[in-house]
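Morning, everyone. Please look at the screen, and keep the sequence and the structure side by side while I talk.

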Amino acid sequence: MVQRIMVAVIGVPLIFVILYACPPVVLAAVLSLLSALAIHEVLWTTGLVRHGRIVAYSMAAAALIPLWCFFEWSELAVLGGLLVYLTLLFGEAMASNMELRVEQLGCALLFTVMVPYFLGAMLRIRQMEELGIYYLLLPILIAFLSDAFALFTGRALGKHKLAPRLSPKKTVEGSVGGVLGAVVSCLVYGLILEQAFALDVNYLFMAVYGFLGSLISQFGDLSFSYVKRQYGIKDFGKLLPGHGGVLDRFDSVIFCAPLTEFLILLLPAFAMGG
């Protein structure tokens with residue numbers, strides 16, 4: 001617990017610096033690095049694909065996707081990159097004398113595209129006109145505070161296991177606490193935006209963000225727990241003491257960020273004050 005708190009003490013200010021004090025290209029670079037590390041974790045650490053070149057190709061492809069989101073490269077460039085990546089994958093498979101299985105290639109493709117494209121939602125939110133800078137914090141806020149409220153509520157009140165085979169310590173009570181905590185956090189954030197930045201806030205929509213965001217964040221956490229249980233590992237890595245690897249810390253954000261992007265486009269929660 002002490003290690004988790006220390007990482008948070010250092011990490012939270014760093015996140016604010018990256019999101020708000022640095023030019024947007026820094027966020028793109030950070031997401032590019034996180035994506036590459038996440039792909040190494042899910043392919044190599046698990047043992048899913050212990051093939052050095054395929055892991056390297058996948059890490060490179062994953063690193064390029066957030067940059068594509070930021071620089072808005074053409075569809076032709078994306079098509080060309082995907083073609084090269086798939087050609088390399090199948091080329092390695094055919095050269096492996098049938099040792100590489102099709103499902104390994106499929107998993108490499110799935111995670112290489114899914115993780116960075118979903119994280120890239122942070123960049124797409126950041127680049128939304130005028131209000132993107134205010135929406136940008138929401139995926140982090142919802143995912144991290146949902147996790148924190150779920151942890152403390154579960155420890156204090158948890159009695160009924162939520163998914164014992166996937167995550168033995170998670171409880172139904174903790175899950176409910178995570179949802180309520182995320183809703184309250186979004187409402188408080190909306191109040192801050194209204195009072196400090198004179199934005200017109202729709203509190204009902206903010207509550208929807210918190211409610212659905214917490215649910216999808218917990219789903220993302222359990223989804224990657226499923227991967228870990230399949231391969232018999234406790235954590236994806238040791239990069240963050242007390243937290244594990246990149247995927248252990250950002251698994252919920254990977255699912256929450258694109259949902260937040262979707263909700264912003266469908267139910268804009270605030271507007272510039274008139």
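E92 is buried, with 10% relative accessible area. Buried means under 20% relative accessible area, exposed means over 50%, and partly exposed lies in between, with a 1.4 Å probe and protein chains only. E92 sits in helix α4, residues 75-95. Helices here are DSSP runs of H or I with at least four residues, strands are runs of E with at least two, and both are numbered from the N terminus. What does E92 touch, leaving out residues up to four places away in sequence? The list is H51, R53, I54, Y57 and L100. Contact means heavy atoms within 4.5 Å.

Two notes on the source. This is a predicted model, in which local features need pLDDT of at least 70 and side-chain atom pairs count only at pLDDT 80 or more, while totals for chains, interfaces and linings use all residues. Residues are numbered from 1 along each chain as its sequence is written, and side-chain values use heavy atoms, with hydrogens and water left out.

Now the surface. V25, L64, F71 and W73 make a nonpolar patch of about 370 Å². Patch residues have over 30% relative accessible area and no salt bridge; like charges are joined within 9 Å, and nonpolar side chains (Val, Leu, Ile, Met, Phe, Trp, Tyr) within 5 Å. The areas come from the Shrake-Rupley method with a 1.4 Å probe, and for residues only the protein chains shown count as cover. F71 belongs to helix α3, residues 52-71. E72 is in the loop between α3 and α4. Its phi is near 55°, a positive value in a residue other than glycine. Most residues other than glycine have a negative phi. E72 is exposed, at 61%.

There is another such case. E130 has a phi near 60°, also positive. Where is E130? In the loop between α6 and α7. E130 is exposed as well, at 63%.

On to the rings. The whole structure holds 12 aromatic pairs. Rings of Phe, Tyr and Trp (its six-membered ring) pair if their centres lie within 6.5 Å; planes under 30 degrees apart count as stacked, over 60 as edge-to-face, and the rest as tilted. F71 and W73 are stacked, at 6.0 Å centre to centre and 10° between the planes. Both are partly exposed: F71 at 45%, W73 at 38%. Y135 and F270 are stacked too, at 4.0 Å and 20°. That pair links distant parts of the chain: Y135 is in helix α7 (residues 132-135), F270 is in strand β4 (residues 270-272), and they are 135 residues apart. Are Y135 and F270 buried or exposed? Both are buried. Ring pairs also join F111, F118, F219, F224, F236 and F255 into a cluster.

Next, the inside. The largest nonpolar core has 68 residues. Such a core is a set of buried Ala, Val, Leu, Ile, Met, Phe, Trp, Tyr and Cys residues joined through side-chain atoms within 4.5 Å. Which members touch the most other members? They are F111, V115, Y135, L138, Y209, F224 and F270. Helix α11, residues 246-266, gives the largest share of this core, 10 residues. Take Y209: beyond four places in sequence, its contacts include Y135, L138, L263 and A269.

A121 is in helix α6, residues 121-126. A121 is buried, at 0%. Setting aside neighbours within four places, A121 contacts A257, P258 and E261. The C-alpha atoms of A121 and F262 are 9.3 Å apart, though 141 residues separate the two along the chain.

Last, charges. How many salt bridges does the search find? Seven. A salt bridge is a side-chain nitrogen of Lys or Arg within 4 Å of a carboxyl oxygen of Asp or Glu. R249 and D147 form one, at 3.3 Å, N to O. R249 lies in helix α11 and D147 in helix α8 (residues 138-157), so the pair ties together parts 102 residues apart in sequence. R249 is buried at 14%, whereas D147 is partly exposed at 23%. K170 and D221 form another, at 3.2 Å. K170 is in strand β2 (residues 167-171) and D221 in helix α10 (residues 203-231), so this pair ties parts 51 residues apart. D235 and K234 also meet, at 3.8 Å. Here D235 is partly exposed, at 29%, and K234 is exposed, at 65%.
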